[in-house]
Amino acid sequence: MPTLTYPDTYQQDLVEVQFGERVADPYRWLENDVRTDPEVADWVKRQNGLTQAYLTTLPQRDWFAQRIRALTDYERFGLPQKAGKAYFYTRNSGLQNQSQLFVRSGLNGAPRLLIDPNTWAKDGATALDAWVPSHDGKLLAYSVQDGGSDWRTIKLIDVKTGKVMADEIKWAKFTGIAWVGSEGFLYSRFPQPQPGQEFQSLNTNQAIYFHRVGTPQAADELVYATPDRPELGHFATVTADDRWMVISTSRGTDAKYELHAIPLAGQRLGGVTAAKAGRGKRSWQVHPLVSGLDHEWRLIEGMGDTLYFATNKDAPKLKVVKVDLTAAPVAAASPTGVRFGFSDVIPERAETLDRAQIVGNRLILSYLRDAASTAEVVSLDGKPVRQIVLSAIGKATGFTGRPGDPETFYAFSSFNQPSAIYRFDSNTGVSTPFALPKLTFSPDDYAVEQRFYASKDGTRVPMFVVRKKGLASAGRAAPTLLYGYGGFDVSLTPAFSAVRMAWLEAGGVFAMANLRGGGEYGKAWHDGGRLANKQNVFDDFIAAGEYLIAQGITPKDGLTVQGGSNGGLLVGAVVNQRPDLFAAGNAAVGVMDMLRFDRFTAGRYWVDDYGYPGKEADFRVLRAYSPYHNIKPAVNYPAMLVTTADTDDRVVPGHSFKYIAALQAAQAGPKPHLIRIETRAGHGSGKPTDKVVEEGADILAFLAQWSGLAVPE
């Protein structure tokens, strides 16, 4: 391998005293936007040049690129959505950079191409994000994502003619699209940023607006805002019968909400009658339902004046409740913050409730049992009707529908099974295939196991292990890619990835640990891995690696680790704490500076999981594991490939820039410590297929090189 000479990186003499401790930050200048700072742009160019020169020397790279591309090249569909008599769904023929949106008239009608985002940009980096048809299926609102940014532009298309209308919404972010009949839709947006600050400035003062079809954005009606509390975010949902609008308000990433309701059809709420819709502006009469930002309240659906919610109030693993909005409200001074009388429909169970939907006249419930899906149908009063049989350890998604219509669709996937889509009749319980993938490999060649291991404090942690059946039956150790996340109540569940399948085809093992901090076992599991308990996440991940070695699944010098976003932080932290355990790592779009994360874009939301750097108790915890601040000189660190993108306005790339600069300067052993910086890409969503293939090949070739994985000849 070539000898690496890292580019010179200027070190500022910058030291700040925080709570009596001197904290050096010599690479703060790398926080500047690569688009506007020529010195940062030059540094990026030099780092990318070194990294690409190195990656092209790896003998495994061409094989991985070819296999990832071949494994991606199959026809795949998104979940259909029904509106009126029309069915809308996405389809990718295989290697298209972006999936196209199709519509059918009737379930068996001829497919018609409605939107082709592949025509929007030469580099394929402009993506179709969300799309929501009006209830009658005549109009469709859709959002456009450019270059991977979190900013969205919302547009309208006439479904019958395929003509894009003049309506255009700017500066939408972290938004839904909620139609009110065919009159218009609700969305969430932020104020327009100052020029040059679009990808770095803090996101505050989110508000909900109503856009009336055929009018300019300047005429949009402000529905709900909290200028006295600029840190709050707001999300609008409308019930299927257009009777109620529900506003969910949160402060950060925690599922802790305030709820407000707006009657839309002239009905009464707690004794107050709403104004009916008219040709002019609506009367948005906002009524509080739940205050206090204390619990999760997830709207399932409305039936008349009864709303159904999933909540973790008095139920850490969630339950289903309902409320009659025409009943007299509870006294406003109620200490619980609940303004109306909610009653239980489905009590809390031993498994974690993942999703609930009303389809036809029944509830479809999806639960997580040790991070794998189960699903069942119950009546609206909670009585069991039938189980939905799933074929293996995997993840079931979908089951969206409408009251009164028994038809729904769901997708099932696993590590060795790309997503297959089924139509389900909630009355009969019959599932019929809608779209099944045609595979170029045999899922039966791979074993999917679930194992449990003990963490440092004795906590029992689940982990999926995937490998070829021959490898498993022979009990041979093989280079292993261990993946984790461990945060923000996010549950890691079985899912297919062409990149991971290429690693498995090469003879490697893939393992995914369900660390504390996630949502696999409800609120207690989440709480066990955040704030002052964050070290538990790192301990869980380290224990997973030790288990894989002790069980002979991977050789001691063959363990690699990968994680993205909060998982990138995870990789950076465990590599600092146990550099001897890992052969190589990939930290993707990671949060690496835990003392300044809250100063950029959406970073302020993350204090729910990380704490406040400006509070001493939180600072002490953050300082102890912050990847950027805990790199030690002259330590033999694993080979590291850090990956990020210039348009990541979720976790700004300065996190990764500063971390790799510090690692390179530490002269941290003979293995390479490199950064790969994608252009015209962001935090991950909307990335074109070409970029996914190239990035995947680079990462796997790097990890294979340093774990000893030899690809087939």
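Arg650 has a relative accessibility of 28%, so Arg650 counts as partly exposed (buried is under 20% relative accessible area, exposed over 50%, partly exposed in between, with a 1.4 Å probe and protein chains only). Its partner in a salt bridge is Asp150, with the closest N and O atoms 2.6 Å apart; the term asks for a side-chain nitrogen of Lys or Arg within 4 Å of a carboxyl oxygen of Asp or Glu. This pair links distant parts of the chain, 500 residues apart. Asp150 is buried, at 3%.

A word on the source: this is a predicted model, in which local features need pLDDT of at least 70 and side-chain atom pairs count only at pLDDT 80 or more, while totals for chains, interfaces and linings use all residues. Residues are numbered from 1 along each chain as its sequence is written, and side-chain values use heavy atoms, leaving out hydrogens and water.

By the salt-bridge rule, the count is 50. One of them joins Glu31 to Lys658, at 2.8 Å between the closest N and O atoms. Glu31 is buried at 9% relative accessibility, and Lys658 is buried at 1%.

Now to the rings. Aromatic pairs (Phe, Tyr and Trp rings, the last by its six-membered ring, with centres within 6.5 Å; planes under 30 degrees apart are stacked, over 60 edge-to-face, the rest tilted) number 37. Trp43 and Phe657 make a tilted pair, 5.1 Å centre to centre with 55° between the planes. Both of these residues, Trp43 and Phe657, are buried. Trp179 and Phe185 have planes at 65° and centres 5.6 Å apart, so that pair is edge-to-face.

Notes: Helix = DSSP H or I, 4+ residues; strand = E, 2+ residues; numbered from the N terminus.
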